[in-house]
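Here's a quick briefing to read alongside the structure. Grab a viewer, keep the sequence handy, and let's walk through who sits next to whom.

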Amino acid sequence: MRLSKAFVPTKKEVPADAQVASHIYMIRGGFIRKIAAGIYNFLPLGRRVIRKIENIIREEMDNAGALEVLMPAASPSELWQETGRWDKFGPQMLRFKDRKGSDFCFGPTHEEVIVDMVRREITSYRDLPINLYQIQTKFRDEMRPRAGLMRSREFIMKDAYSFDIDEEAANLSYDNMYETYKRIFTRCGLEFRPVEADTGAIGGSRSHEFQVLAKSGEDAIVACDSCDYAANVEQADFKTGAALDFGAGELKRVPTPGVKSASDAAKQLQVPESAVIKTLIYLADDKPVAVALRGDRELNEVALKKITGATQLFLARQGQVKKATGVLPGAVSPIGLSIPLYMDKELENAKGMVAGGGEDETHYKGVDVARDCGSEIIWRTLRVAEPGDACPKCSGKLEGFKGIEVGHVFSLGTVYSKPMKCDVLTADETSHPMEMGCYGIGVTRIAAAAIEQNHDDGGIQWPVAIAPYEVAVLPLQMKDDAVVAEGERIYQELLASGVDVILDDRFDRPGAKFKDADLVGYPLRVAIGGRGLKEGIAEVKWRNESEVQKIPLADVVDFVSKGIANAK
């Protein structure tokens, strides 16, 4: 490709709504353009990156025995009603009616559609196992789309679905995809960690996220410093420490004017925040429940949702708290509640604690949980894991990381096959639902994650395997016929050797060419100038290195070809 004929509209200014590196550089580098919140056009460079990612995914999925299909983006409500998700999925699902008034959705995921496909065609154990995948556009109506392709509403996804005769076979399919994903992300040049994860709205039991480690990541993950244990903080397990004991004492109610939070109570009563019990009121499917945990801990809402079995879970507003408990937030007490009380296990046998007083602007001191909070407590692990917690598998400690989720694998069991009657006839002629797995990859998010992990102040530093072009050839003086001819020779010979190369044949200043090459992030740059011609050399530079190598002109093509091959 000749840059003079290409469509690469680079920009100098930083977009006003862009906060993270991938969003900034994909706009400035001419990869994408926004047309609505969370919805983007992919320009030629962006499409090339996405196509390369898709090709890696296809190669590895095909090698793993999966078969590619393509399902419609729109699906009828009847399929979703069979599993109950038409009502449960929530406002992220984009729903619409056709001209006949029938209900449809723009698929946020495709479990129902693939199950319908398989149940129509496969009935015998002889046809299993099978793994079907597609690469297709999805739409999820995010409330706050942000960070460019990392949290968009319309995105490209690879979703695969395995069908097996029993749980043992399904576990083999799961393990196959787990290893396949590791190869995919390694080939894409990403530094990543597989972590245990919640199954979320998809359902099922076994689940792992593949997290790209990056400071801008939205997901908090923890990993052991001594073993291979890693998990999303919402899913992570950990060993509970010794019981909290701040001294036995008499239960006493004291005034706490203006106190609205656990930290306020700790400051006013001059105790550590860890000595405070904060009691929160949530609405689980519109029914109030109380949750108590240590004042300096963060509630794991995913765990609470699972424990309550709620479809919708929201923190109660002030009026709802008053109606459920008789007091305003901040004064809610774990003592004497008439609604279900879920308490974090860390508070079991805690003594000498501070807690809401059950009357506005008051708190209790000297709370002994076993003595004062009653016998109807529902004990569960309710807080999120934190760095420094004890590893559940060994004697190590958990360390904290930020991650960008680029892939997720689920072991679904019969969550979808059972209600949709996707049954298989076994060798003994009995029939039962197929065991399923589900495996997703955010194709467009991989591109963003790669930039978050590989950039500097000048622009992107693409991994070679997914770069829009592997090499940029820069003739620096386009009015010098000898420079132009040498640039053309190198360009043509690199093309012939199979290198994905672009020729910057624009009549522009050398500095501008260098800046654009750095911004776009071509992994390798070959510069040819008048002075270099006289010396018989070209200047070759890797984007992620500071050193410029002077390579004899006769050796440039071989040097570059081998360098690119070794970097893939």
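Asp 116 and Arg 119 have side chains that meet in a salt bridge, 2.8 Å being the figure for another pair and 2.9 Å (N to O) for this one. Keep in mind that you're looking at a predicted model. By the rule used here, the count comes to 42 salt bridges, and there are eleven aromatic pairs as well.

- Asp 116 and Arg 119 both belong to helix α5 and sit three residues apart, about one turn of the helix.
- Asp 116 has a relative accessible area of 11%, so it is buried, the cut-off being under 20%.
- Arg 119 comes out at 23% relative accessibility, so it counts as partly exposed.
- The side chain of Arg 119 also meets that of Glu 82 in a salt bridge (2.8 Å, N to O).
- Since Arg 119 is in helix α5 (residues 111-121) and Glu 82 in helix α3 (residues 77-83), this pair ties together parts that are 37 residues apart in sequence.
- Glu 82 counts as partly exposed, because its relative accessibility is 31%.

- Arg 206 and Asp 175 meet through their side chains in a salt bridge, at 2.7 Å from N to O.
- That pair links distant parts of the chain, 31 residues apart: Arg 206 is in the loop between β9 (192-196) and β10 (207-213), while Asp 175 is in helix α6 (residues 167-187).
- Arg 206 has 30% relative accessibility, so it counts as partly exposed, and Asp 175, at 31%, counts as partly exposed too.
- One network, joined by salt bridges that share partners, takes in Arg 294, Asp 296, Arg 297, Glu 346, Arg 383, Glu 386 and Asp 389.

**A buried serine in a loop**

- Ser 274 lies in the loop between α7 (262-269) and β14 (276-284).
- Is Ser 274 buried or exposed? Its relative accessibility is 18%, so Ser 274 counts as buried.
- Leaving aside residues up to four places away in sequence, Ser 274 touches Leu 244, Phe 246, Arg 294, Asp 296 and Met 353.

**Aromatic rings**

- To describe a pair of aromatic rings, you give the distance of the centres and the angle of the planes.
- The structure holds eleven aromatic pairs, and Phe 96 and Phe 104 form one that is stacked, with 6.0 Å centre to centre and 20° between the planes.
- Phe 96 counts as partly exposed, because its relative accessibility is 35%.
- Tyr 178 and Phe 210 have ring centres 5.5 Å apart and planes at 55°, so their pair is tilted.
- Tyr 178 is in helix α6 and Phe 210 in strand β10, so the pair ties together parts 32 residues apart in sequence.
- Both Tyr 178 and Phe 210 are buried.
- Tyr 178, Tyr 181, Phe 185, Phe 192 and Phe 210 make up one aromatic cluster.

**Charges over rings**

- Arg 48 lies over the face of Tyr 469, 3.9 Å from the ring centre.
- Arg 95 has its charged end over the ring of Trp 86, at 4.8 Å from the centre.

**Nonpolar cores**

- Which residues touch the most other members of the largest nonpolar core? Among its 66 residues, they are Phe 31, Phe 185 and Trp 462.
- Another core lies apart from that one, with 26 residues, among them Trp 86, Met 93, Cys 105 and Met 436.
- Not counting residues up to four places away in sequence, the contacts of Phe 31 include Tyr 25, Phe 42, Ile 460, Trp 462 and Val 520.

Note on methods
Residues numbered from 1 in each chain as written. Predicted model: local features only at pLDDT ≥ 70, side-chain atom pairs only at ≥ 80, totals over all residues. Heavy atoms only, no water. Core = buried A, V, L, I, M, F, W, Y, C linked by side-chain atoms within 4.5 Å. Buried < 20%, exposed > 50% of the residue type's maximum accessible area, 1.4 Å probe, protein only. Contact = heavy atoms within 4.5 Å. Helix = DSSP H or I, 4+ residues; strand = E, 2+ residues; numbered from the N terminus. Salt bridge = Lys/Arg side-chain N within 4 Å of Asp/Glu carboxyl O. Phe/Tyr/Trp six-rings, centres within 6.5 Å; stacked < 30°, edge-to-face > 60°. Lys NZ or Arg CZ within 6 Å of the ring centre and 35° of its normal.
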